[in-house]
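This report describes how the parts of one protein chain pack together. The sequence and the structure are shown first, and the description follows.

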Amino acid sequence: MIVLDGKATSAAIKDEIAVEVEKLKSAGKKVPHLAAILVGNDGASQTYVNAKVKACEKVGFESTLVDLPANTTEADLLKTIDDLNNNPEIDGFIVQLPLPEHIDEDKVTLRVAPEKDVDGFHPENVGRMSLGLPTFLPATPNGVMEMLGRYNIETSGKHCVVIGRSNIVGTPMSILMSRNSNPGNATVTLTHSRTSNLKEVCLSADIIIVALGKPNFLTGDMVKEGAVVVDVGIHRIEDSTKKSGFRLVGDVNYEEVAAKCSAISPVPGGVGPMTIASLLQNTLKAIKSK
Ligand code: NAP
């Protein structure tokens with residue numbers, strides 16, 4: 001059984017990016033500059049944003065964290081986005097989700113200039129992805145594709161089941177896996193909360209990509225022998241034995257499922273680090289496409 005090591009794979013990608021940054025520097029060019037907007041004090045969001053900023057430092061990017069209070073108005077957030085859209089120093093930026101309830105996420109997504117939308121959430125970029133045109137691919141699904149590619153997981157002609165149809169993970173994941181590309185060329189079944197025979201569907205899958213947001217949901221009896229399982233889920237579970245007071249688990253019951261798989265991504269150290277690597281790749285793309 002192969003463990004799809006997202007930590008090691010993302011480290012390799014970061015090394016490749018660092019080489020590209022050095023090339024830009026030696027040519028006297030500007031280094032990529034990523035900005036992140038964080039609204040409020042959600043602990044998990046703070047952790048993710050800090051990891052993104054740290055990753056920028058590691059590869060030699062510049063980074064800016066715009067830390068806004070939880071009571072920031074929608075209008076003020078949109079103004080901050082406009083400022084970043086118009087700032088020539090900033091090559092790409094993200095708005096960390098989720099946002100406080102009084103802010104309309106759709107309005108925010110639409111406001112980010114598509115050429116700086118390194119999360120790949122803007123409808124223009126989603127449309128380009130769907131048509132197979134050059135664009136910023138959404139970070140998490142693209143991170144999964146990179147992981148499958150770098151581990152030479154055969155996807156062509158395989159049955160891939162995606163669990164979860166969110167705009168940021170499940171739906172783009174299903175599009176990327178079904179594209180005429182490598183990885184890709186899979187026969188994809190996109191499942192969701194109304195899927196009535198999920199266990200049966202999963203048992204026919206060669207590849208299962210799990211992104212529904214329920215801890216330990218995918219159990220051993222839902223997976224056929226030799227399947228490849230990618231766990232996108234990430235949850236903080238209280239654990240008094242840990243210094244932090246919590247531990248991280250995914251949407252997959254790792255012990256049960258790993259026993260049946262040919263390859264599986266762990267949590268932590270799987271898709272999470274790949275998402276960050278993907279964001280850095282998009283930011284490098286943003287500056288190179290100028
Ligand atoms: P989301 O927006 O809450 O969407 C969850 C999806 O799962 C929905 O489409 C929902 O169906 C479906 N679902 C819920 N219960 C189900 C069930 N019993 N059977 C089948 N499908 C079910 O979640 P998300 O933003 O995609 O995130 C999913 C997970 O990935 C979360 O744990 C999140 O923290 C994690 N995540 C990780 C990363 C990373 O970098 N590692 C990045 C993003 C997200 P309906 O559409 O019918 O409601």
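## Helix 7 and its surroundings

The buried residues of helix 7 (residues 170-178) pack against helix 5 (123-131), helix 6, strand 5 (159-163), strand 6 (187-191) and strand 7 (207-210). These buried residues are Gly170, Pro172, Met173, Ser174, Leu176 and Met177. The model is a predicted one.

With a relative accessible area of 31%, asparagine 185 is partly exposed.

## Domains and nonpolar cores

The chain is divided into domain 1 (28-113) and domain 2 (139-272). Taken over C-alpha atoms, the centres of domain 1 and domain 2 are separated by 27 Å.

The largest nonpolar core has 48 residues, of which Ile17, Phe61, Val144, Met177 and Ile209 touch the most other members. Helix 10 gives the most to this core, with nine residues. Because domain 1 and domain 2 both give residues to the core, it lies between them. Another core, of 18 residues, lies apart from it; Val161, Cys202, Ile208 and Ala258 are among its members.

Phenylalanine 61 is in contact with Ile17, Val21, Pro32, Cys56, Leu280, Thr283 and Leu284, leaving aside its neighbours within four places in sequence.

## Helix 6 against helix 10

The axes of helix 6 (residues 139-150) and helix 10 (residues 271-288) come within 7 Å and cross at roughly 105 degrees. Helix 6 is therefore roughly perpendicular to helix 10. On the helix 6 side, the contact involves Ala139, Thr140, Asn142, Gly143, Val144, Glu146, Met147 and Arg150. These residues meet Val271, Met274, Thr275, Ser278, Leu279 and Gln281 of helix 10. By class, the residues of the contact of helix 6 with helix 10 divide into six nonpolar, six polar and two charged.

Two residues show this contact in detail. Serine 278, in helix 10, is buried, with a relative accessible area of 1%. Not counting residues up to four places away in sequence, serine 278 touches Ala139, Asn142 and Gly143. Asparagine 142 lies in helix 6 and is buried, with a relative accessible area of 11%. With residues up to four places away in sequence again not counted, asparagine 142 touches Leu137, Leu176, Ser278 and Gln281. Asparagine 142 and glycine 120 are 22 residues apart in sequence, and their C-alpha atoms are 9.9 Å apart in space.

## Helix 1 against helix 2

The axes of helix 1 (residues 6-26) and helix 2 (residues 43-59) come within 8 Å and cross at roughly 55 degrees, and the two helices are therefore oblique to each other. Lys14, Asp15, Ile17, Ala18 and Val21 in helix 1 meet Ala55, Lys58 and Val59 in helix 2. This contact has five nonpolar, no polar and three charged residues.

## Leucine 34 in strand 2

Leucine 34 is found in strand 2 (residues 33-39) and counts as buried, at 4% relative accessibility. Leaving aside its neighbours within four places in sequence, leucine 34 is in contact with Cys56, Glu62, Ser63, Thr64, Gly92, Phe93, Val118, Leu279 and Thr283. Leucine 34 and isoleucine 90 are 56 residues apart in sequence, while their C-alpha atoms are 6.2 Å apart in space.

## Backbone features in other loops

A cis peptide bond joins leucine 97 and proline 98, with omega about 0 degrees. Proline 98 lies in the loop between strand 4 (92-95) and helix 4 (105-111).

Asparagine 216 has a phi near 55 degrees, a positive value in a residue other than glycine. The place of asparagine 216 is in the loop between strand 7 and strand 8 (228-231). At 36% relative accessibility, asparagine 216 counts as partly exposed.

Notes. Residues numbered from 1 in each chain as written. Predicted model: local features only at pLDDT ≥ 70, side-chain atom pairs only at ≥ 80, totals over all residues. Heavy atoms only, no water. Axes fitted to C-alpha atoms, helices over the stretch in contact; angles between N-to-C directions. Helix = DSSP H or I, 4+ residues; strand = E, 2+ residues; numbered from the N terminus. Parallel < 35°, antiparallel > 145°, perpendicular 65-115°, else oblique. Contact = heavy atoms within 4.5 Å. Nonpolar A, V, L, I, M, F, W, Y, C, P; charged D, E, K, R; others polar. Core = buried A, V, L, I, M, F, W, Y, C linked by side-chain atoms within 4.5 Å. Buried < 20%, exposed > 50% of the residue type's maximum accessible area, 1.4 Å probe, protein only. Domains from an automatic or database assignment.
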